[in-house]
Structure formats: structure tokens, C-alpha cells
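Hi everyone, thanks for coming.

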Amino acid sequence: MRKKTLKLHNEKNEKRLRIILLFLMVMIVLVIIGGSFITTNKFGTDLYKAFVYHFIGMSFLFAAGLTFCLLILYHVFLITVYNPQRIKKSSVIKFACGGIITIVLLVFGGTAAKKSIQSMKDYENGEWQVEDVLVMDIYRGSRGHKVSFRSNSVLIETDKGEMTLYFEDSLIYKGVNYRFTYLDATDTIIKVENIIE
């Protein structure tokens with residue numbers, strides 16, 4: 001009887017392991033596809049294509065994150081509801097809290113995807129903002145490696161908040177005022193003009 005129970009228990013553990021490996025394989029494939037789109041985006045020069053590639057790449061990365069969250073929720077469900085190893089209630093509560101945090105991250109990712117879609121629509125419809133801003137800080141990525149995989153994207157801290165510029169046509173300097181044309185949903189700069197005083 002004990003051997004039969006042990007065999008059944010091992011079969012269930014093997015089934016759970018196969019499910020976990022399936023989640024991990026799907027997640028790896030999604031990360032590779034998403035990373036490929038985002039890497040391709042570095043070589044582009046068309047802003048709309050940059051939006052589309054960025055959105056597709058981020059969608060695949062979001063799907064990979066969603067798969068990871070589902071993997072966590074699968075574990076949370078097993079431990080909090082099914083509890084095959086008979087874990088103490090205090091540990092079960094910790095896993096339930098982990099499940100709640102995972103759901104919050106899913107909502108956050110969905111909001112980011114919605115903003116990206118809105119930016120693409122605003123760009124197509126010509127609905128953008130134009131403001132004079134003071135550039136306070138600039139981040140262009142790491143320059144320390146001989147072989148640079150640095151992105152064309154530039155993060156710019158302004159007096160209006162943080163903004164993203166996909167293609168830096170001419171150098172932008174700290175402490176200088178510029179006129180930025182940008183999309184409000186994601187604070188993506190589509191045009192930079194020098195202010196002549």
C-alpha cells in the first residue's frame with residue numbers, strides 16, 4: 001500500500017515538474033522574440049516603426065512576464081489550495097501574499113501596454129504636446145565596453161519629468177532649454193528644437 005502511495009505521489013510530482021518546465025520554455029521563447037524586436041529597434045530610423053517594434057517587443061516581454069506570473073500563481077494555487085506537502089499555515093499565508101503581489105504587477109504591466117497603444121494612436125492622429133523644457137540630466141546608456149550594444153534611445157530628465165527620445169539626431173546638453181514635441185501618454189519625444197534667445 002505504501003509503495004502504491006509513493007508511486008502515485010512521484011507521478012504527481014513528475015506531472016508538476018513537466019508543467020513547470022513547459023512554463024519556463026514558453027517564457028524563454030517569448031523573451032528571445034521580444035528581445036529580438038527591441039534589438040532590431042536600435043537599427044531603425046523611422047519613429048513610427050520604432051513605436052511599433054518597441055510595442056511588439058514589449059508585448060512579448062510582457063507575455064513572458066505574464067507566463068512567469070502564471071507560474072508563480074500556479075505554485076501559489078498548489079500551496080494555498082491543494083497543499084501537497086502539507087506546509088504550515090504561516091507559510092501558506094506568505095505564498096498567498098506573493099500571489100497578490102503578482103496580480104498587482106500584472107495590472108501595472110497592462111497599464112504600461114495601454115499607454116503604448118495610446119502613444120501610437122496619438123502619433124498617427126498628430127495629437128502631441130509642444131513645450132519649452134530645461135534639460136536637467138541625460139542618460140545615453142553604458143559606454144564602458146569596446147563593443148557597444150548601446151541603444152539609440154536616450155532618457156532625458158527635464159523640469160517637466162522624465163522623457164524618452166528614440167533617436168538623438170543632434171546632441172542634447174544638460175542645463176540647456178529646448179522645445180520638445182512629445183506624446184503625452186508615454187512622454188516620448190518626437191522632435192527637439194533649439195530655443196534661440
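So, which residues make up the largest nonpolar core? Before I answer, a word on the source: this is a predicted model, where local features need pLDDT of at least 70, side-chain atom pairs count only at pLDDT 80 or more, and totals for chains, interfaces and linings use all residues. Residues are numbered from 1 along each chain as its sequence is written, and side-chain values use heavy atoms, with hydrogens and water left out.

Now the core: it has 12 residues in all, namely Val133, Val135, Ile138, Val154, Ile156, Met163, Leu165, Ile172, Tyr178, Phe180, Tyr182 and Ile189. By nonpolar core I mean a set of buried Ala, Val, Leu, Ile, Met, Phe, Trp, Tyr and Cys residues joined through side-chain atoms within 4.5 Å; buried is under 20% relative accessible area with a 1.4 Å probe, protein chains only. At least two core residues come from each of S1, S2 (154-158), S3 (161-165) and S4, strands being DSSP E runs of at least two residues, numbered from the N terminus.

Let's look at S4, residues 177-183. It is largely enclosed by the rest of the structure, because 5 of its 7 residues are buried. S4 pairs in the antiparallel sense with S1 (residues 129-139) over 6 bridges, where pairing takes at least two DSSP bridges. Leu134 stands opposite Asn177 there. S4 also pairs antiparallel with S5 (residues 188-194), over 6 bridges, and Leu183 has Thr188 as its bridge partner. Those two strands form a hairpin with 4 residues between them, and Asp187 in the turn has a positive phi of about 55°.

How values were computed. Buried means under 20% relative accessible area, exposed over 50%, partly exposed in between (1.4 Å probe, protein chains only).
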